[in-house]
Amino acid sequence: RGQTTGVWHQALQQAGPTAQLDYVLDAHGYQPLLNMNIMPYLNVARSLDSYFAERFHRIIVLDMPRVLVWVIKAILPLMPPKTRRKLLFIQRDDPEGMKALFELCTDESMRSMLAELLRMNGEATSSAGRESTHQLTNDFL
């Protein structure tokens, strides 16, 4: 929770007092058996009801495994209704959902970077490929 909310806080401070952010969580390759502790997710959900509640424009979860429905059911009641309405669950194979994701991009450069990042994430494994996606993101920023 601390690392994620710290990054959100830093980005919002740099962007100004009226800025909002879009948060995309790519769950492709998520391994539930390695991530059984739901407390980090619950803690992030609680922080969305405080300082961050008005600072989010959209929260997108991409390729959420069906096995994690129980986690979502635990988290959603902790989120304010206004924040829940900002939450989208989309799949890579759903053109309309992907359209909603790419509409968040402010220009073609961002669209290209996002498309490449999603491609790289789709090919990455739990033991390889993450460093290159981090580098792509850092270079873009």
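Residues are numbered from 1 along each chain as its sequence is written, and side-chain values rest on heavy atoms, with hydrogens and water left out. Since the model is predicted, local features require a pLDDT of at least 70 and side-chain atom pairs are counted only at pLDDT 80 or more, whereas totals for chains, interfaces and linings use all residues.

The protein chain contains seven helices and three strands, where helices (H or I, at least four residues) and strands (E, at least two) are DSSP runs numbered from the N terminus. Read from the N terminus on, the elements follow the order α-β-α-β-α-α-β-α-α-α. Of the 141 residues of the protein chain, 34% count as buried; here buried denotes a relative accessible area under 20%, exposed one over 50%, and partly exposed the range in between, with a 1.4 Å probe and protein chains only.

The three strands form an open sheet with the order β1-β2-β3 and parallel pairing, two strands being taken as paired if DSSP finds at least two bridges between them. Strands β1 and β3 stand at the edges with a single partner strand each, so that one side of each is left without a neighbour in the sheet. On average, and with direction ignored, neighbouring strands of this sheet are turned by 15° against each other, the axes being lines fitted to C-alpha atoms (for helices over the stretch in contact) and angles running from 0 to 180 degrees between N-to-C directions. The parallel pairing of β1 with β2 extends over six bridges, and Val24 has Ile60 in β2 as its bridge partner. Between β2 and β3 the parallel pairing extends over four bridges; Val61 is partnered by Phe89 in β3, and Leu62 by Ile90, also in β3. Five of the seven residues of β2 are buried, and this strand is therefore largely enclosed by the rest of the structure.

A search of the whole structure finds six salt bridges, a salt bridge being defined as a side-chain nitrogen of Lys or Arg within 4 Å of a carboxyl oxygen of Asp or Glu. In one of them, the side chains of Asp26 and Arg92 meet with an N to O distance of 2.6 Å. This pair links distant parts of the chain, since Asp26 belongs to strand β1 (residues 21–26) and Arg92 to the loop between β3 (87–90) and α5 (95–102), 66 residues apart. Arg92, which is partly exposed with a relative accessible area of 26%, also meets the side chain of Asp63 in a salt bridge, at 2.5 Å from N to O. Because Arg92 lies in the loop between β3 and α5 and Asp63 in the loop between β2 (56–62) and α3 (69–75), the pair ties together parts that are 29 residues apart in sequence.

A further salt bridge is formed by Glu123 and Arg119, whose closest N and O atoms are 2.7 Å apart. The two residues are four residues apart in helix α6 (residues 108–123), and so Glu123 and Arg119 are separated by about one helical turn. Glu123 is exposed, with a relative accessible area of 56%, while Arg119 counts as partly exposed at 38% relative accessibility. Salt bridges that share partners join Asp26, Asp63 and Arg92 into one network.

Most residues other than glycine have a negative phi. Asp63, although not a glycine, has a positive phi of about 60°, and at 12% relative accessibility this residue counts as buried.

The second largest pocket has a volume of about 170 Å³. On a 1 Å grid over the protein atoms alone, a pocket is an open set of points with protein on both sides within 12 Å along at least five of seven lines, and lining residues have an atom within 4 Å of a point; the volume is the space filled by probe spheres set on the points. The lining of this pocket consists of Met64, Pro65, Arg66, Val69, Ile72, Phe89 and Gln91, and divides into five nonpolar residues, one polar and one charged.

How values were computed:
On a 1 Å grid over the protein atoms alone, a cavity is a set of points where a 1.4 Å probe fits but cannot get out, and a pocket is an open set with protein on both sides within 12 Å along at least five of seven lines; lining residues have an atom within 4 Å of a point. Ala, Val, Leu, Ile, Met, Phe, Trp, Tyr, Cys and Pro count as nonpolar, Asp, Glu, Lys and Arg as charged, and the others, Gly among them, as polar.
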